[in-house]
Amino acid sequence: MRKTLDNLLDLFFPKLCILCNDPLVEGEEHFCLKCLCDLPRTGYDYLQENPASYLFTGKVDICHAAAFLRYEKGGHVQQLIHALKYHDDKEIGFRLGRMTGLHYRQAILSDAPDLLLPVPLHPKKRKKRGYNQSEWIARGINSVLQLPVDTTSLCRIRQTETQTHKQIYERWLNVQEIFSVADAHALEGKHILLIDDVITTGSTIGACAEALLAVPGVRVSVIGVAIA
Ligand SMILES: [Zn+2]
């Protein structure tokens, strides 16, 4: 009965692709198959140096780094990230995380991390948004890799002013000491895969990594859904 009702509703009020506004067909969620295929992939190799890993070279010791999609101003990836961050579309985060996990599954598991750690939001910001978008991405990755998601061992202790208008060097200074390890014991000797939505200068995720690397025996790798 429920299914029939849903079908009837879809007939009169079809769900639309959030990217091209075409009606979605059965099995499609959020965006259509064509838009999915057209999303710009970076082609970065997680196990080798690439433009995502270069961001950390000489600054912070990262094992592996990659980003799945290319973030372009006005592009489809920006639209998806915007929906995820500002329109309460958490499921998109899960979906993007799952896609990223599927794409990098083999590479990530060849040097398997012990846990996935989404970049934490400041508690005030998290409360305002109602969720941490990177946590939803991590859950999507977890649905493929079956690795635990750690949302408690690292905290954001300082809110930063908006980064948008800052120069790259200023950005790196601006994020010093904004993260604090809450449970060093839980992280000792672990290989941690840090998860972010969009990597821009790498300064925020670099600061996360620095805080984590202070714990004995920790190794850090990085994966972003997109890179600007
Ligand atoms: Zn579409």
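The axes of helix α4 (residues 76-86) and helix α5 (residues 90-110) approach to within 7 Å and cross at roughly 130°. Axes here are lines fitted to C-alpha atoms, for helices over the stretch in contact, and angles run from 0 to 180 degrees between N-to-C directions. Helices (H or I, at least four residues) and strands (E, at least two) are DSSP runs, numbered from the N terminus. The two helices α4 and α5 are therefore oblique to each other; angles under 35 degrees count as roughly parallel, over 145 as roughly antiparallel, 65 to 115 as roughly perpendicular and the rest as oblique. The structure is a predicted model, in which local features need pLDDT of at least 70 and side-chain atom pairs count only at pLDDT 80 or more, whereas totals for chains, interfaces and linings use all residues. Residues are numbered from 1 along each chain as its sequence is written.

On the α4 side, Leu80, Ala83 and Leu84 meet Ile92, Gly93 and Leu96 of α5, where contact requires that the C-beta atoms of two residues, placed from the backbone, lie within 7 Å. By class, this contact of α4 with α5 has five nonpolar residues, one polar and no charged. Ala, Val, Leu, Ile, Met, Phe, Trp, Tyr, Cys and Pro count as nonpolar, Asp, Glu, Lys and Arg as charged, and the others, Gly among them, as polar.

Four strands form an open sheet with parallel pairing, in the order β1-β6-β5-β2; two strands pair if DSSP finds at least two bridges between them. Strands β1 (65-70) and β2 stand at the edges with a single partner strand each, so one side of each is left without a neighbour in the sheet. From one strand to the next, the twist averages 20°. Helix α4 packs on this sheet, touching β1, β5 and β6, and its direction makes about 105° with that of β5. Helix α5 lies across β1, β5 and β6 and runs at about 135° to β6.

Within the sheet, strand β5 (residues 191-199) is mostly covered, with eight of its nine residues buried. A residue is buried if 20 or more other C-beta atoms lie within 10 Å of its own, exposed if 12 or fewer, and partly exposed in between. Strand β2 (residues 115-118) is joined to β5 by four bridges, and Leu115 has Ile192 in β5 as its bridge partner. Eight bridges join β5 to strand β6 (residues 219-227); Leu194 is partnered by Val222 in β6, and Val198 stands opposite Ala226.

Arg139 is located in helix α7 (residues 133-145). This residue, Arg139, is buried, with 20 other C-beta atoms within 10 Å. Leaving aside neighbours within four places in sequence, Arg139 is in contact with Phe94, Gly97 and Val149. Between the C-alpha atoms of Arg139 and Pro51, which are 88 residues apart along the chain, the separation is 25 Å.

The chain is divided into domain 1 (1-38) and domain 2 (39-227), with bounds that come from an automatic or database domain assignment. The centres of domain 1 and domain 2, taken over C-alpha atoms, are separated by 30 Å. Seven residues of domain 1 are in contact with seven residues of domain 2. On the side of domain 1 that touches domain 2, four residues are nonpolar, one is polar and two are charged.
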